[in-house]
Amino acid sequence: MDDSRIIELFWQRSEDALTECKRKFGGYCRIIAKNILYNAEDADECVNDTLLRAWKAMPPEKPSRLKAFLGKITRNLALDRYEAAHSQKRGGGSMEAVLEELAEIPAPEATGVGELVQSINGFLRSEPTENADIFVKRYWYFHNVNEIADEYGCKANKVASILFRMRGRLKQKLESEGFM
Amino acid sequence: MKNNKIARSIGGIDNEFIERAAPRTKAVRKRTAWIKWGMPAAACAAVYMFFMLAIPGLLNNPITNPNGDGQTVTAPGNNGHGGTLPEPSQNNTMYTLTLNKADSLMPSRILIPGHFWYSLTESQLEAVLPNLSEIFPGGVEATANYSGDGLLFDVVIHELSADGNIAVYNQFYGLTVIRIARGSIAEDVIYNNPEPVTSEVRGVDVTAGMFDYGQDNTAMYHASFMIGDIAYKISLHDSATGERGINRLTGLVNAIISNGAADLSVLDNPVIPELRNERLSLAEAYSDPDFGVYLPNNVPSRFNFESAQRFINQDYNGLSVLWTDGLNSFDWRVSKATSDDFKRIVSPAEHEKYDMSLYSIPLFESVPEELREYVHGPVFRADEITLEVIQARVIQGRQGRDGGQMYFSVLFDGIIININAVGVSPEQIWDMLGELKSLI
């Protein structure tokens, strides 16, 4: 079913919207959640929570890209769950590895998330498409390095090297823009 | 959570980046096998058809059969490879093919979810390609590929040479490959003409073409067609000059179409072997009843668990775990040893088979051919491996934080551990193995 038709169902408060959403995007959201939470049951709950959030958001929201809209909800919900589990010394997966990598880029306390997002968008636009995609796969979707390497037909070390250099360039950009 | 702000900020990036990098979902991702290191090629679920070469477009005009009247030609005799082409049909007609110039080949990287495969029996081959022994006197090797739910994906047939191996042209290119499938087969040739000219062979539309590699005087001759709902793709390699390639292709296409559509029902309902491909947490990996006990317990503290995978198919049964620390990593793969592993067992006294200090980069130039399979993948018995052996495996010039790169295997009574490490010291690897040696 077309995305615009699904959004229309949300606006009509038809529960078919949830069925169609789950059918079309359930797998996609589940991958995002499982990459962060590493637990099938938690990931499934996350997907269900995503649909509930989407139901509450539309209307008034009318996202231009439904897939990314739902993906962002799932990612944030999964990160929230991860934080809660982590604080209670539970959880697993490769999240620690990803966060260790991002720790190389210290975030300024006095800067809002919105400003940082603008800068990161600019950074991704300045990078070759393949590099930007690898960055997003790692730090948005939390794919492990092996999965990314397999997708591109290269060794894990090459992916790690690309990510390492990109983190360096992002850090330089944020410094030059006065974020640090 | 550490560095919450950056991770959260990345979450708000523009939708175009998110959708462009989106993962594939469901059938394509589920149970696909991507064991990329230390695995026999046949065990991988991704099946590569052709390598991609980009050659600038040549003339726009299609190449016609050089015998020229475009209607009929008499069947040529010996095809130059020890076999003969089939006799013409009752009306003495061998339908000709119009060849389209191909600009490039596309890599047909096919992901078959839960891939398994079987070789065809003689009776199955006869049903799929009748009378083929007349065309391939050396015989063929035919494999039926299935997805994990038992559905036939395709049949791939390779011509064999007199010694029983897959026949090759110019030492490298597959001589003749035929693929057959229900419905359709992914296109892997890009023709210069966006609407390639088709030829009619006994009422069947055939798209035929030629791709000149521009080296070794080698070309790929290619034909695709449908007989009913059965799709066929033929590719064969031959000289880029002369008529032999087009004549072979013409004969093969005519023969296959003459014999009618393949009966693929003989390949339905296969026995599905044990298959498994799942990601595990670190705890689950350590708890694996078959291989968990072979994982190291004293991993250096700066390394973080990255991923673990449990995989079983017809060729491989193993558990792999990856730890990383920035650019440094070590990959620990435990599996049941195969006959190939036993062939590469090396004694510590046989330095020439494993000591990397004896060889310079690039290894394919410095390592003698007869030693290559050992140097590239030595297997040491667990009760014989020493710290000095591990130190000798460090590849010079590839420096991580603590040391270079090293890869080797350790055999524990039917279980093999493949270790691939960057930036881990030999002493650290020795410590991790030392604990496991009590398992001997």
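Good morning. I begin with Lys343 of chain B, which counts as exposed at 53% relative accessibility. The model under discussion is a predicted one.

Which residue does Lys343(B) pair with in a salt bridge? The partner is Asp340(B), and the closest N and O atoms of the two lie 3.6 Å apart. Asp340(B) is partly exposed, its relative accessible area being 43%. Both residues belong to helix H6 of chain B, which covers residues 339-343. They stand 3 residues apart, about one turn of the helix.

Let us turn to chain A. In helix H2, residues 16-37, we find Glu20(A) and Arg23(A), again with a spacing of 3 residues, about one turn of the helix. Their side chains meet in a salt bridge, at 2.9 Å from N to O. Are these two partners buried or exposed? Glu20(A) is buried, with a relative accessible area of 15%, because the limit for buried is under 20%. Arg23(A), by contrast, is exposed, at 54%.

The next pair is in chain B. Asp290(B) and Arg310(B) form a salt bridge whose closest N and O atoms are 2.9 Å apart. Arg310(B) is buried, with a value of 0%.

Salt bridges may also join into networks. In chain A, one such network links Asp42(A), Glu45(A), Asp49(A) and Arg81(A). Over all chains, the count comes to 31 salt bridges.

I close with a contact between two helices of chain A. The axes of H8, residues 145-152, and H9, residues 156-176, come within 8 Å and cross at roughly 105°. Angles of 65 to 115 degrees count as roughly perpendicular, and therefore H8(A) is described as roughly perpendicular to H9(A). Which residues make the contact? From H8(A) they are Val145(A), Asn146(A), Ile148(A) and Ala149(A), and from H9(A) they are Ala156(A), Val159(A) and Ala160(A). Of the residues in this contact, 6 are nonpolar, 1 is polar and none is charged.

Thank you for your attention.

Definitions and conventions:
Residues numbered from 1 in each chain as written. Chains lettered and ligands numbered in written order. Predicted model: local features only at pLDDT ≥ 70, side-chain atom pairs only at ≥ 80, totals over all residues. Heavy atoms only, no water. Axes fitted to C-alpha atoms, helices over the stretch in contact; angles between N-to-C directions. Helix = DSSP H or I, 4+ residues; strand = E, 2+ residues; numbered from the N terminus. Parallel < 35°, antiparallel > 145°, perpendicular 65-115°, else oblique. Contact = heavy atoms within 4.5 Å. Nonpolar A, V, L, I, M, F, W, Y, C, P; charged D, E, K, R; others polar. Salt bridge = Lys/Arg side-chain N within 4 Å of Asp/Glu carboxyl O. Buried < 20%, exposed > 50% of the residue type's maximum accessible area, 1.4 Å probe, protein only.
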